[in-house]
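Dear colleague,

Here is the structure I promised to pass on to you. Please look through it before reading my notes below.

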Amino acid sequence: MKLRKNVAVSEAGLLFNPVTGESFTVNPIGVEILNLIRDENNPEQISNAILDKYSTDMATFEKDYYDFIGILYHHNLLETNEETKA
Amino acid sequence: MSKIRYERPVIKKLETGMPNKFGTRTEYVPMTHIDGVSVKSLIKEYGTPLFVISEKTIRNTIKKAKKAFDTRYPKVQFAWSYKTNYLNAVCSIFHQEGSWAEVVSGFEYDKAISLGVDGKKIIFNGPEKSEEDLTKAIMNDSLIHIDHLDELYTITELAEKLKLRPRVAIRVNMDTGVYPMWDRFGFNYENGQAWDAINKIMHSGKMELVGLHCHIGTFMLSPFAYGVAASKLAELALSVEQKFKHEIKYIDLGGGFASKNTLKGSYLPGTDTNPTFDDFAEAISTALLNSNFKQDKLPLLILETGRALIDEAGYLLGSVISNKRSSTGRRNTILDIGVNILFTSFWYDHKITPAQSFTQYSEDTCVYGPLCMNIDVIRESTSLPLLNRGDHVVIHSVGAYNMTQWMQFISLRPHVVLIDTDEKPHVIRLRETLDNMNSMELIPSHLGIRKSQIVNRKS
């Protein structure tokens with residue numbers, strides 16, 4: 001799972017996809033997750049990083065994490081498996 | 001090291017080119033207290049869902065309504081519309097504030113009597129009054145508002161039988177220029193039905209025609225329509241005086257004043273657009289004062305407004321059960337509040353506020369209730385902060401109709417708590433129990449299950 005190369009994410013949470021011209025806002029925890037994805041952390045590493053920092057449990061975070069990933073795919077911000085393999 | 005408060009990750013597409021000048025803001029500001037009592041403590045004590053009623057708001061609202069009318073018309077009487085909210089504590093507050101009782105069934109009539117309301121101060125409306133109900137009302141000298149000719153003839157017979165002279169009014173329906181025109185109750189003004197009924201009453205000599213009543217609609221957004229209604233009833237009253245030399249003592253304009261809730265499909269919130277008590281009072285009193293009543297013969301003006309007096313005093317506290325994503329990517333949030341206890345969510349876009357603080361991030365959310373029914377939707381679309389499972393919300397302006405039209409459906413109806421003017425909470429209706437429900441049911445002996453069998457099954 002990879003964030004598309006040309007997607008720009010600012011520290012303040014503004015995300016821009018120059019391919020489609022679409023802009024998004026992301027909350028701080030979302031920015032953290034996007035950066036962890038960009039740094040090629042796997043889901044377990046991402047989960048550990050978030051659970052260390054935030055007051056939540058694994059079940060809640062996993063549910064929210066996969067929901068978030070689903071929305072990133074929906075907006076075409078992540079590379080599909082086929083693209084990553086290629 | 002303490003951890004940071006968790007908020008689920010969220011990404012929101014920025015939409016350009018489609019500004020919505022009618023858009024309402026997201027309710028970020030949490031409602032942590034109601035009349036000085038913390039929402040957290042109420043939930044800890046009574047759980048959710050929980051209805052909370054503010055006595056202070058009720059008293060302030062009725063005072064505001066009275067002031068609007070008293071400053072414009074010399075003789076005004078409010079009658080509390082029981083069907084809007086007939087919890088005993090609520091009715092008692094209105095009676096303490098000087099309101100009479102306006103009832104529409106034998107059950108409500110008995111409720112008013114049980115609360116100590118003087119029979120002479122009970123207005124009995126509605127199309128269904130049994131002979132037993134009417135007898136009771138006649139014996140108590142209550143004001144009976146006749147809905148149809150069958151009722152008129154029944155009262156005539158009862159008056160003869162009881163050798164009493166009932167005090168009656170007729171309900172008049174009319175065209176006030178608003179749609180839909182309510183013509184199913186009472187006698188029509190324009191086609192002469194109302195005048196016929198008046199003549200029948202006056203010629204029978206068995207009843208005393210003391211008033212004229214109308215109720216032109218519900219959630220009325222046009223004060224002007226009340227002015228039309230007041231003029232038409234005034235004309236009828238003056239015709240009675242002219243023909244029979246009989247004075248109509250009161251004109252009852254019913255209820256129907258809109259509260260500050262927002263009707264579904266409205267562009268702007270009800271708080272910004274709906275008429276105030278002053279607007280209604282101005283239209284009604286101007287029409288009556290401009291009619292041909294002599295100054296010393298002005299009839300008493302009776303008002304039966306319910307919704308506008310109680311809606312804002314009611315809150316419903318709930319908890320988030322779950323957050324989901326629909327097949328189309330829409331955020332769905334499930335609350336423990338269903339349409340079975342929030343009937344008015346079919347009509348209104350109720351304001352929903354979080355009960356704890358959040359960041360400024362939000363999502364467009366569809367809010368569902370917990371019922372296993374597709375119609376259980378509290379808000380089709382509202383912008384809410386990122387609520388987590390177990391977080392609490394406050395739904396506003398739920399005081400009217402919900403605590404009378406609620407349904408016991410698959411779960412039990414919750415506690416209702418009143419916060420008094422000293423900011424002290426009181427339970428005014430207990431949460432239902434399984435025993436309450438079972439106590440009304442009977443199992444024929446051939447279907448009976450022995451208790452020991454139940455115990456065995458459990459073990």
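In chain B, 44% of the 459 residues count as buried, where a residue is buried if 20 or more other C-beta atoms lie within 10 Å of its own, exposed if 12 or fewer do, and partly exposed in between, with C-beta atoms placed from the backbone. Please keep in mind that this is a predicted model, in which local features need pLDDT of at least 70 and side-chain atom pairs count only at pLDDT 80 or more, while totals for chains, interfaces and linings use all residues. Residues are numbered from 1 along each chain as its sequence is written, and chains are lettered from A and ligands numbered from 1 in the order in which they are written.

The secondary structure of chain B comprises 14 helices and 22 strands, these being DSSP runs numbered from the N terminus (H or I with at least four residues for helices, E with at least two for strands). Chain B is split into domain 1 (33-52 + 312-436) and domain 2 (126-303), with bounds that come from an automatic or database domain assignment. The C-alpha centres of domain 1 of chain B and domain 2 of chain B are 37 Å apart, and seven residues of domain 1 of chain B are in contact with six residues of domain 2 of chain B, contact meaning that the C-beta atoms of two residues, placed from the backbone, lie within 7 Å.

Turning to the two chains, 22 residues of chain A are in contact with 16 residues of chain B. On the side of chain A that touches chain B, the largest share, seven residues, comes from H3(A). S3(A) and S2(B) pair in the antiparallel sense over three bridges, and two strands are said to pair if DSSP finds at least two bridges between them.

Lys13(B) lies in strand S2 (residues 11-13) of chain B and is the bridge partner of Phe24(A). Leaving aside its neighbours within four places in sequence, Lys13(B) is in contact with Glu22(A), Phe24(A) and His75(A). Is Lys13(B) buried or partly exposed? Lys13(B) counts as partly exposed because it has 14 C-beta neighbours inside 10 Å.

Best wishes
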